[in-house]
Amino acid sequence: MKKWTRVMYQPNLPLEAGRYVTASKEHIALSLEAATEGMVLLKNENNILPLKNGSRITLFGRGSFDYVKGGGGSGDVTVSYVHNLYDGFKTLEDKVQVYEPVADFYKKNVEEQYAIGRAPGMTEEPELPQELLDGARAFGDTALVVLSRFSGEGWDRSSVEYNGEFNPWPDETSMPKLSAQLYPDGDFYLTAGEKKLLAQVEKVYDKIVVVLNIGGVIDLSWIKRDDKISAALYGGQGGMEGGTAMAQVLCGQVNPSGKLADTFAARLEDYPSTENFHESVEYVDYTEDIYVGYRYFETIPGAAEKVVYPFGYGLSYTTFEVETQKAWEEADSINVQVKVTNTGDMTGKEVVQLYYSAPQGLLKKPAKELGAFKKTRLLQPGESHTMVLTVTKEAMASYDDLGKVAKSAYVLEKGAYAFYIGTSVRNNEKTAYEYLVAEDTVVKQLEAKLTPSGLSKRMLSDGTYEELPQTEGNNPNACAFEKMVPGTDEGILPEVRFREQRLVLYVVKKGVKPFIEVAEGKITLDEFMSQLSDDDLIELLGGQPNTGVANTFGFGNLPDYGVPNIMTADGPAGLRIAPECGVCTTAWPCATLLAYTWNPNLVEKVGAAGAEEVKENNIAVWLTPAVNIHRNPLCGRNFEYYSEDPLLAGKMAAGMVRGIQSQHIGASVKHFAANNKETNRKHSDSRVSERALREIYLKQFEIIVKESDPWTIMSSYNVINGHRASENKELLEDILRGEWGFQGMVTTDWWTRGEHYKEIKAGNDVKMATGYPERVKKAIELGELTRADLEHCARRVLELILKID
C-alpha cells in the first residue's frame with residue numbers, strides 16, 4: 001500500500017489479508033492474559049485459593065454483575081461485550097458451580113440501576129434478603145464478596161465540584177454529586193450497604209473470599225485484620241475480559257503473579273498529600289516533596305505502621321526462593337545477579353525487586369528507592385531462573401535544587417550505598433555488597449528550571465519541613481491582547497476549510513512541490529516549507545477536522561500541498577471510537593493493572609496489538625500512554641496512570657511506546673507534567689519544588705523519552721509553579737528537548753486554556769483540538785511571534801507525518 005493511502009483515503013481495509021485484527025480473538029486473548037498477570041493475591045489463609053474442583057460458591061455483591069472494565073472519559077472503550085465475574089465463572093462450570101438464585105437477584109438489581117442511568121461502578125449495594133443468604137449457605141460453604149469502584153476524567157474521587165468555568169456539556173451527570181450520594185464517606189471506604197453485606201455473610205460463612213474490581217487505592221485494612229475473610233484478590237479493572245480473568249485466577253487456571261505498584265494505607269489522611277489536595281481549587285501545594293507513596297511510608301517516622309499492603313507486595317499459589325549470588329560494580333552501574341527457584345508445586349512467575357538506600361547526607365533521602373526489577377519466565381516446580389538486575393550510578397543521584405552540595409546538579413553524596421533484593425519494599429534482604437562514594441560527586445550539572453513561586457515549605461526525611469526560597473510570581477492568564485471570551489475556548493470544532501475551484505487534474509495546487517516528494521527524497525523538508533505562507537504554517541499548528549471514525553481530530557491537512565490530515569484517537573485502555581460509528585475494539589486492562597504485571601515485555605505486546613487496531617481504522621496517532629504519578633488516591637484518573645513510582649511507570653510505559661511505534665503509529669505520552677488532580681484541572685497550579693519535579697513527576701517521562709523515543713508528547717492542562725505547562729519554554733524546550741534530547745512533536749491537551757501564540761513560542765507545536773489563527777496573526781502583528789517561531793513548530797508537525805505509513 002502506498003504511503004498515506006490509509007490516512008488520506010480511508011479505505012477501511014483489513015490489516016491482514018481476509019480478516020480484521022480489530023477486536024480479533026487473538027487481541028482479546030492477549031487482553032485476557034495481561035489482565036490475569038496483573039492481578040494481585042493479597043491474602044490466602046489456609047490456602048483457600050485456588051478454588052478446588054467441584055466447589056459450590058455464591059457470588060455476593062453488586063460487583064459480581066456491576067463490572068467496571070476501566071474508567072470514564074478518554075479511558076473508555078466501545079466494545080461488543082464485557083465479561084463480569086459471573087460470566088467468567090460460567091466459562092468454568094466444569095470447575096465450580098454458582099448458586100443461581102443469588103446471582104439472579106444481583107443481575108436483576110444491576111440491570112434496573114443501569115436502566116435509570118447509573119454507570120458501571122456507580123450503583124448502590126442492594127439489601128440482600130435473608131432467605132437468599134440462607135439458601136446460598138445450604139448450597140455451598142464458600143462465599144465470594146465482590147466490590148467495584150469507578151472514576152473518570154474531569155472529576156476526582158470526592159464530592160468536591162468546580163463550576164467556575166463555561167461548560168459546553170451542561171446536561172452531563174454531575175459525578176461528584178452522584179458520588180456524594182453513593183459514597184457519603186468517600187469511595188475510599190466501604191459504604192454502609194457494603195458493610196452490612198459483609199456482616200451478613202460473615203454470620204453464616206467460614207470461607208470468605210473478597211474480590212476487588214477497582215482501579216485505584218481504597219482502604220483494605222478490613223481485609224487484613226478480619227480473620228473471617230480467608231482470602232482476597234485485587235482484580236483491578238481488567239478490560240472486556242476482566243471477569244473471565246478473575247475467575248481463571250480464582251480457580252487456579254492462572255497462578256497470580258501481580259505485585260502492587262502502589263502503597264495501600266488504611267485512611268486517606270495517612271497520605272500526606274491528602275491534607276491539601278482540596279485546600280484550594282486554584283492550586284495544590286506539593287509539601288510532601290519527594291516523599292510520595294512508599295518513599296513516605298518507609299522513611300518518615302511513624303508512617304510505616306499506617307501501611308496495610310506495601311509497595312511491590314503480592315502472593316502466589318506457589319513459593320519461591322530468591323538467592324543473591326553476586327554483586328559487582330562497572331563503570332556506570334551496579335549489577336546484582338539473582339537466582340530465583342520455584343520451590344512449590346505449581347508453575348508460576350516471580351518479580352524480583354532491587355532497592356537501594358543512599359546516605360542521608362545534606363540532601364536527605366528516602367529510606368529505600370526502587371532501582372531495578374525483573375520478572376521471571378513461567379517456572380515449573382523446581383525450575384530456576386538466573387537474572388541480573390542493574391541500577392546506574394546516575395539513577396541513584398539526588399537533585400540539589402538549593403545548593404546544599406552543588407546547586408542545580410544531580411549529586412552522589414559521599415558514603416555507603418546499600419542494596420536490597422526481594423519481592424516487595426518490605427520483603428527483601430540487604431546484600432553484602434555496598435557501593436562506597438569517597439567524596440561528593442556531581443553526576444550531571446544542569447541549570448535551575450521550573451522553580452516554585454508559591455510553595456513555601458517542603459517535607460524532609462525526618463518529617464520536619466524546610467522553608468523554600470521564592471522566585472518571582474507569574475500571571476498564567478496574562479496575554480498581550482484581550483483574552484478569549486469564555487465559551488470560545490472550550491469544545492470548539494476545527495474549521496472545515498474550502499478548496500478553491502481548480503481542474504480535477506490538479507490534486508495539489510498547480511506549480512507547487514508536493515509533500516510526497518519529501519518522503520521520496522526528491523526534495524528537502526526545507527525546500528518544501530519555503531513554499532508555505534505564514535497562513536499555511538499557522539494552519540499546521542492547530543487541530544484539524546475529523547475524518548472516518550475519528551473523534552479527537554487530526555494534524556496536518558494542507559491539501560493544496562499534499563499534506564494529509566492524519567487522525568488521532570484516545571485512549572489509554574484501547575482504541576476509543578464513538579459508539580455511533582458501529583466499530584467495537586479491544587478493551588485492554590487499565591494502565592494501573594498493566595503496571596501491576598511488572599512485565600514491560602507483556603505491555604509492549606499490548607501496545608503493538610492496540611496500535612494494529614489504530615492503524616486498521618485509519619488513525620495515525622494513539623493518545624497513550626498516560627503516565628502521571630499516583631500522588632494521592634483521590635485523583636480521578638489514577639486508573640489511567642501506572643504507579644506511585646516513576647521508575648516503574650517509566651519502564652512499563654516505555655514498553656507500551658515501543659510496542660505502539662513498532663507498527664509505525666505515533667504514541668502520544670501524556671500528561672506532561674504534574675497533572676495529578678482533575679478538579680479545576682485547566683487552571684489549578686501544581687506548586688512543587690524543582691527537586692520533586694525532577695526526581696518524581698518528570699522522571700517517568702525522561703525514562704520514556706530516552707528509552708523509547710516517542711513521536712509525540714502531550715502537554716498537560718495544569719499550571720506548574722505559576723506557568724501553564726503548554727506555555728512553558730523551560731519545560732518543553734529546555735528540559736524536554738534540551739536536556740533529554742526529545743526529537744518529536746508536542747501537542748497540547750484538548751482545549752487547554754493556554755494562549756495559542758504563547759504555546760508556539762514555548763515549543764508546543766500543535767494546539768488541539770483546534771488552533772486560533774486570528775489570534776496567532778495578531779501576535780505576529782504585535783511582534784510577539786516571528787515566522788521562525790512558526791517554522792520551528794511546523795517542521796516538527798511535518799516530521800511526525802513523514803513517520804506515518
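Is A23 buried, exposed or partly exposed? In this predicted model, A23 counts as partly exposed, since its relative accessibility is 24%. The legends below start with this residue and then visit several other close-up views.

**View 1. A23 sits in a loop with a positive phi angle.** The loop in this view runs between α1 (5-9) and α2, and A23 belongs to it. Phi of A23 is near 55 degrees, a positive value in a residue that is not glycine.

**View 2. Helices α2 and α15 pack against each other.** Here α2 covers residues 25-38 and α15 covers residues 600-616; their axes come within 10 Å and cross at roughly 150 degrees. Because of that angle, α2 is roughly antiparallel to α15. The crossing of α2 past α15 is left-handed. On the α2 side, look for H27, L30, E33, A34 and E37; on the α15 side, the contact is made by L602, K605, V606, A609, E612 and E613. By type, the residues of this contact divide into five nonpolar, one polar and five charged.

**View 3. Helix α15 also packs against α16.** Helix α16 spans residues 646-661, and its axis lies 7 Å from that of α15, at an angle of about 35 degrees. This time α15 passes its partner in a right-handed crossing. From α15, the contact draws on P600, V603, E604, V606, G607, A608 and A611, while α16 brings K651, M652, G655, M656, R658, G659 and I660. The residues of the contact of α15 with α16 divide into eight nonpolar, three polar and three charged.

View 4. W622 has A667 of β25 as its bridge partner.

**View 5. M122 is a buried loop residue.** The loop that holds M122 lies between α4 (100-115) and α5 (130-139). With a relative accessible area of 1%, M122 is buried. Not counting residues up to four places away in sequence, M122 touches D66, F150, W155, M175, L178, S179, L182 and Y183. One of these is 56 residues away along the chain: the C-alpha atoms of M122 and L178 are separated by 7.9 Å.

**View 6. S424 is another buried loop residue.** S424 is placed in the loop between β17 (415-422) and β18 (428-437), and counts as buried at 3% relative accessibility. Leaving aside neighbours within four places in sequence, S424 is in contact with P310, F311, G312, Y313, Q353 and Y355. The C-alpha atoms of S424 and Y355 are 9.1 Å apart, although 69 residues separate the two along the chain.

**View 7. Four strands form an open sheet with mixed pairing.** The strand order is β8-β26-β28-β29. At the edges are β8 (283-285) and β29 (723-724), each pairing on one side only. Strand β28 (residues 719-720) pairs with β29 in the antiparallel sense, over two bridges. In this pair, V719 has R724 of β29 as its bridge partner.

**View 8. D709 also has a positive phi angle.** D709 is found in the loop between α18 (699-708) and β27 (712-715). Phi of D709, a residue other than glycine, is near 50 degrees. At 40% relative accessibility, D709 counts as partly exposed.

Definitions and conventions
Residues are numbered from 1 along each chain as its sequence is written. This is a predicted model: local features need pLDDT of at least 70, side-chain atom pairs count only at pLDDT 80 or more; totals for chains, interfaces and linings use all residues. Side-chain values use heavy atoms; hydrogens and water are left out. Axes are lines fitted to C-alpha atoms, for helices over the stretch in contact, and angles run from 0 to 180 degrees between N-to-C directions. Angles under 35 degrees count as roughly parallel, over 145 as roughly antiparallel, 65 to 115 as roughly perpendicular and the rest as oblique. A crossing is left-handed if the near helix is turned anticlockwise from the far one by less than a right angle, and right-handed if clockwise. Contact means heavy atoms within 4.5 Å. Ala, Val, Leu, Ile, Met, Phe, Trp, Tyr, Cys and Pro count as nonpolar, Asp, Glu, Lys and Arg as charged, and the others, Gly among them, as polar. Two strands pair if DSSP finds at least two bridges between them. Buried means under 20% relative accessible area, exposed over 50%, partly exposed in between (1.4 Å probe, protein chains only).
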